[in-house]
Amino acid sequence: MFLEGKKIYGVMMAFVFIFSTLSSNDLSYALNITYSNPTASEITSDSAKVSVEMTATDVDENLYCMLRLGENSSPSIVYTFNRILKSESFPYTISTTKGGLSSGKTYYWYISCHYANNSTYYNCDETTFTTVSPPSASTSSATAVSTTTVTLNGTVNASGAETTVTFEYGADTNYGSTATAAQSPVSGSSDTTVSASLAGLTVATTYHYRVKAVSSGGTVYGSDMSFSTSEADDNDGVSESTEDGVTTPGGGSKGDGNGDGIADSEQANVTSLQTSNGNNEYATLDARAAGGATLEDVKAVTPASVNAPGNLSFPYGLLDFKVTGIAAGATITLSVFVDRDTSINSYLKKNMLTGSWDNIATDIDHTSVSGKTKVTFTIKDGGPYDEDGTANGTIVDAGGVSSSGSSVPDLTAAYYGLLILLLAGAGLLMLQRSRR
């Protein structure tokens with residue numbers, strides 16, 4: 001009887017144990033936790049936002065959750081971040097943003113939760129995310145610099161995160177103005193060449209600039225660089241600083257070689273430049289009398305460079321230039337001003353038909369312009385002194401003021417002309433004899 005009683009007691013205790021186990025681990029307490037990896041917009045160089053969603057039924061205890069995160073698998077570092085009250089509705093989403101991370105690092109993480117009165121932990125699967133590396137940026141030299149425009153250049157590596165690229169620029173390293181790069185935003189993990197074109201700048205001014213790259217990985221700047229816009233250019237091929245060096249009639253100020261009261265650098269039909277004689281002397285070419293004419297590609301050249309006869313005297317070298325903007329076939333008047341030199345008595349220009357170097361000056365004036373000699377001449381578009389030989393609204397000229405006087409033949413051309421005449425005469429003589 002006693003043994004039977006012990007058996008009955010044992011069965012009853014086993015039943016109690018099983019019942020209590022089911023109660024303390026009631027299936028209704030079980031959690032299903034699924035993670036959501038951070039999206040690109042939720043990861044920066046030093047932080048990330050992680051989220052999980054939990055489902056459960058008949059929760060009647062508070063729930064405590066913690067983030068485990070580290071640089072190795074099965075991280076041991078614990079961050080408590082949330083308490084879920086038993087009154088909350090499920091499914092329930094929790095999230096946290098963890099800061100203080102290192103850029104460009106891969107982190108392992110998972111969420112671990114337990115009920116207030118239960119030591120059983122429910123974990124989501126372990127997963128990883130990688131913090132964003134900051135972009136890199138390098139400023140490059142400016143190109144296409146003109147009087148009021150420029151192209152700024154640089155190189156940016158987005159380091160895997162979409163990156164906005166701009167250029168900061170201004171009169172000093174405080175900058176003050178911003179231009180967006182044409183390639184912005186850039187992405188990927190390789191170097192990208194970036195640029196921005198600026199307009200409306202101030203003539204002859206130094207500007208500082210640098211490239212700037214901004215992404216979720218941070219903000220970086222390229223080094224400071226500078227450029228200077230060009231001096232004002234009237235498109236005659238001569239720089240403003242060169243034209244400003246000519247002596248103004250009467251002395252004193254500079255920059256107005258013909259004495260018309262306007263800086264030569266501001267006129268498209270007046271050009272002053274240093275001559276080719278090597279004495280730092282100037283010549284001024286004036287096309288104002290040609291109406292709306294424009295001077296282009298004005299250069300000082302030596303007599304040898306245009307095959308002028310060696311017996312000619314060009315004290316100031318020659319001027320090679322184009323005159324555009326005139327009526328086709330028009331005859332225009334031009335003037336050259338040099339320092340007063342009474343030996344000047346002509347303006348010599350090669351005749352493209354005969355090969356001789358002729359004096360085409362119409363006036364030599366040593367007195368009316370203070371301190372200057374003014375030589376005036378005319379050229380017809382498409383005429384014998386227009387090098388392109390075509391009546392096309394453009395005159396091409398290489399000639400110079402001279403002290404050699406009147407026309408001087410080109411002996412080489414004369415030789416060939418004489419040879420042609422002799423051959424023609426010989427041919428005619430032979431023809432006459434053959435008819436006899």
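Predicted model: local features only at pLDDT ≥ 70, side-chain atom pairs only at ≥ 80, totals over all residues.
Colleague: How is the aromatic pair of Tyr-209 and Phe-227 classed?
Modeller: The structure holds 6 aromatic pairs. A pair of aromatic rings is described by the distance of the centres and the angle of the planes. For Tyr-209 and Phe-227 the centres are 5.8 Å apart and the planes are at 55 degrees. Planes under 30 degrees apart count as stacked and over 60 as edge-to-face, so this pair is tilted.

Colleague: How far apart in sequence are the parts that the pair of Tyr-209 and Phe-227 ties together?
Modeller: Tyr-209 is buried, as is Phe-227. Ring pairs also link these two with Tyr-207 into a cluster. Tyr-209 lies in strand β14, residues 206–215, and Phe-227 in strand β16, so the separation of the tied parts is 18 residues.

Colleague: What kind of aromatic pair do Phe-314 and Trp-357 form?
Modeller: Phe-314 lies in the loop between β19 and β20 and Trp-357 in strand β23, so the pair ties together parts that are 43 residues apart in sequence. Phe-314 and Trp-357 are both buried. Their centres are 6.1 Å apart, with 70 degrees between the planes, and the pair is edge-to-face.

Colleague: Is Thr-229 buried or exposed?
Modeller: Thr-229 is placed in the loop between β16 (225–228) and α2 (240–243). Beyond four places in sequence, Thr-229 touches residues including Val-145, Ser-146, Leu-201 and Tyr-207. Buried means under 20% relative accessible area. Because its relative accessibility is 5%, Thr-229 counts as buried.

Colleague: Which residue has its backbone oxygen 2.6 Å from a polar atom of the Thr-229 side chain?
Modeller: Two backbone atoms are to be told apart here. The backbone nitrogen of Ala-204 lies 2.9 Å from a polar atom of the Thr-229 side chain. The backbone oxygen at 2.6 Å belongs to Thr-202.

Colleague: Is Pro-185 buried, partly exposed or exposed?
Modeller: Pro-185 is found in the loop between β12 (177–180) and β13 (191–198). Leaving aside neighbours within four places in sequence, Pro-185 is in contact with Glu-162, Thr-163 and Thr-164. Because its relative accessibility is 44%, Pro-185 counts as partly exposed.

Colleague: Which residue in β25 stands opposite Leu-334?
Modeller: Strand β21, residues 331–339, pairs with strand β25, residues 372–380. The pairing is antiparallel and runs over 9 bridges. Opposite Leu-334 stands Phe-377.

Colleague: Why is one side of β1 and of β5 left without a neighbour in the sheet?
Modeller: The strands form an open antiparallel sheet of 3 strands in the order β1-β2-β5. Its twist averages 20 degrees from one strand to the next. β1 (32–36) and β5 (92–98) stand at the edges, so each is left with a single partner strand.

Colleague: What is the bridge partner of Val-52 in β5?
Modeller: Strand β2, residues 48–55, and β5 pair in the antiparallel sense over 7 bridges. In β5, the partner of Val-52 is Ile-94.

Colleague: What share of the residues of the protein counts as buried?
Modeller: The protein has 3 helices and 26 strands. Of the contacts with a separation of 6 or more, 63% are between residues 24 or more positions apart. Of the 436 residues, the share that counts as buried is 39%.

Note on methods
Residues numbered from 1 in each chain as written. Heavy atoms only, no water. Helix = DSSP H or I, 4+ residues; strand = E, 2+ residues; numbered from the N terminus. Buried < 20%, exposed > 50% of the residue type's maximum accessible area, 1.4 Å probe, protein only. Polar contact = N/O pair within 3.5 Å; in protein donor to acceptor, adjacent residues only side chain to side chain. Contact = heavy atoms within 4.5 Å. Pairing = 2+ DSSP bridges. Phe/Tyr/Trp six-rings, centres within 6.5 Å; stacked < 30°, edge-to-face > 60°. Axes fitted to C-alpha atoms, helices over the stretch in contact; angles between N-to-C directions.
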